Amino acid sequence: MTTHLTTEEVHLPSGSTMVNDKVDFSILVGKDLSFSDISGNCDDGLDDLMQHILHRSCKAVCHLATPCDPDLCTVVGNIASNITADLETRLLMVAPKLGASDPRGTVSANEPLDAYARDILKWTSKQSSMHLRADSAALLFELFMLFIAHHIKEHFRYHGDTGFLKPGDCRLILPIANKNIDAEHTDIDSADSDSSTNLYMPGYVNPTDFFSVECGMFPLSSSMEKQAAPAPHLVFADAEMVGHPDNYTKAELRLASKTKALFFNQHNRRFAWGLTVSNRTIHAYIFGPDDIWASTAMDISGEKGRRAFISLLVDWSLCSVDRLGFDPSIRYIVDRRVGGPYLEIDVHEMDRSTGKAEPRTYYSQRCLGATDHLFGCHARYFAASDNPESMDKPAFLIKDLWMTTGGSSADDSHESLFLNVLHAEFDKSNKFSDSFVQLVGAGPVVINRGKTVVADSTDTAFAGLPSMTQDVAKDSDNDQGSPSRCVRQHRRTMAKWTGNMISEADNESQAIVAVADAMVALNAMYTKCKILHGNISNRAILLQPTASGVKGVLAEFDYASYDGDSAGTVEVPELMLFQSIRCLENPRDVRTLLDDLESILYLVCWLGTFGVNQDQRAAYAVEYAARNKPHLPIKNWNRGTAADIADTKRLHMSSFAAFEERILNRMQNPFGTLSHLAEDIYRVLFLHPGCSGTCPVPNRQVRDVGMPVAVPAPGVERDPLVLRNNHIDAIIANLLDVLARHSDVAHSSERSRG
């Protein structure tokens, strides 16, 4: 906890907010490392994907927001009951005045809640059979929420600290209409009759002062008047208004797309909530790493439905922040003495002697990579220091992710086990001692649950939803009747600071040197230790500064395996862009070194197309827009299911003519060094004598516009990608030669620049 905040600065706990137009949180958002908009992502097929992972009518969804402590749960339940009773009484009292005008800006100080109740009745009354327009429903929805917020505020005004409820641990949930949290990262077009409302939290409940919104009941404060919209990381959830019943699916797609932006902007987001409002029916949603769950309908035209929605809003206001989907171990801090806002990040390092995870706090003002997928491991990367005064000189690289554990949330750190083996082998020699990232700490993220502390996982995060598990099982295709979601453990690792990721190289020469070093290291760890990497990507190769330029260092060993072992992984959205064809088609099949080397090719193609640093990607984005967003086949390497991506890659790799037309000719510089490197790697991997081509799967719809679907040549009985394993030694030798030649040229280019 920081101890040097001025009176103008405030400590922001996870899930709370500070309204201040002078605070710029953009440095923490990590927009410069979001590649979704330029390279596509698996969420582009949300309409297809949601048919498989959206579980409807889960009765226990709203229970996830209830406080864990039984005594506190009783207190909160009583507050919700009192608010419901008050609303029902007021609705009966104002029923004859159903035609009253909109109270916004005209609310009398003597009867503000009665005025709100009159308009709420327009929404809830069964007498009004007309389907409400989305903008009308949005206004009435906001008034309903403000009614609840007023009661929460009044509770603390009159009761203060009750022992179970402390104002500093609670918040108001307030609406801001028609404000996109980040329009740049909203994929679904919302220019129709529907509308949306963002729900945000203006901070701790203060019993002596009102927080304000655009409403006559709450007087506007000067600070709120300056705030056009909350900073992106301060938004709690999105509520989509459905203008017409036929638009319901579209509203869910918008909700999913905006929730993806929540995960991207909020580094302390564990899971997310959302709402859809269709006329007088409300559904609540929970977005987890692998599934979406929708609640049963809350029909606010009836008392039962109103009670259910009020209970949800009260629970959101009074529960602990982890029940809202936030991570209490990552906190937003505002302190201008160190150059603006930053993050406090707790890393719980496991003490083997005691079996306890001991926390230590680190500080970061730089996000190297935010999660830009709605589903998956939600990996986030931070350049961190153990002192907030030295964040500009990071000493550590912290990684936060939800890692699959093969069915057990007690699984040890997979990455640390393999890195320990590699360092034990290569630290004996000077050649490869610095070729692999060095971990200095790893452990689970822990969550306080009342008097107990639990390791955070999909099991513990959703442990309060037994009926949800049954509902999921009911809808699952699993014959055993067990839940379909996989088990993920929330883990945090810390490595010694090495340097930027390869996607932030100064130029193409640096990227080529790093790729060549990574290739040599991959071969060395396979030759000496029989270890395969399994996760080559733009985040798996780091750039370590040296006297002569840079050196490539391998990181990201979360999916490493020994030669001959089954990969044993499920579909991982973050991996599929760079995964080999065979791993995409058979994720549980035995991997080979050629799979890692094929991933190197896809990485080189990606860097050559979209750029090796943010400046190149920004220039690409401008050119891409100026050319009216032409189709880029490489974007389909990251869209759809694993089978879809595998089919597309088979098509693009089927012949050199296809590869040249669909990939090489569409790079930023078709005649540049990365293009030449990609061509040479392709020729070695896919045109080796005896195993040429890819034998694309016939009669399958492939995601590639204008590309004829190839079919296997007559007489070909085996897949060339299987046949090439018979030539693995020759292929590896040729690849090492190719990378060495390109690396020498790149080194020469770097020396000439120096």
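This is a predicted model: local features need pLDDT of at least 70, side-chain atom pairs count only at pLDDT 80 or more; totals for chains, interfaces and linings use all residues.
Local features were taken at pLDDT of at least 70 and side-chain atom pairs at pLDDT 80 or more, while totals for chains, interfaces and linings use all residues. Residues are numbered from 1 along each chain as its sequence is written, and side-chain values use heavy atoms, without hydrogens and water.

E415, S416, F418, L419, L422, H423 and F426 are buried (under 20% relative accessible area, with exposed over 50% and partly exposed in between; 1.4 Å probe, protein chains only). These buried residues line one face of α10, because they fall within an arc of 165° seen down the axis (directions from the helix axis to the C-beta atoms). The face turned away from the buried side carries the exposed residues N420 and A424. Elements covering the buried residues of α10 include β14 (396-404), β18 (488-496) and α13 (508-529).

Helix α4 (residues 70-94) has 25 residues and spans 36 Å, close to the expected 36 Å. Its buried residues include V76, I79 and R90. At the N-terminal end, D69 caps α4, with a side-chain oxygen 2.9 Å from the backbone nitrogen of D71.

D315 lies in α9 (residues 303-318). Among the residues that D315 touches, beyond four places in sequence, are C62, P67 and V76 (heavy atoms within 4.5 Å). D315 is buried but has no salt bridge (a side-chain nitrogen of Lys or Arg within 4 Å of a carboxyl oxygen of Asp or Glu). The nearest side chain of opposite charge, R323, is 8.1 Å away (Lys and Arg positive, Asp and Glu negative; His and the chain ends not counted).

Conventions
Helices (H or I, at least four residues) and strands (E, at least two) are DSSP runs, numbered from the N terminus. The expected span of a helix is 1.5 Å times one less than its number of residues. A polar contact is a pair of N or O atoms within 3.5 Å; within protein, one must be able to donate a hydrogen and the other to accept it, and residues adjacent in sequence count only if both atoms are side-chain atoms.
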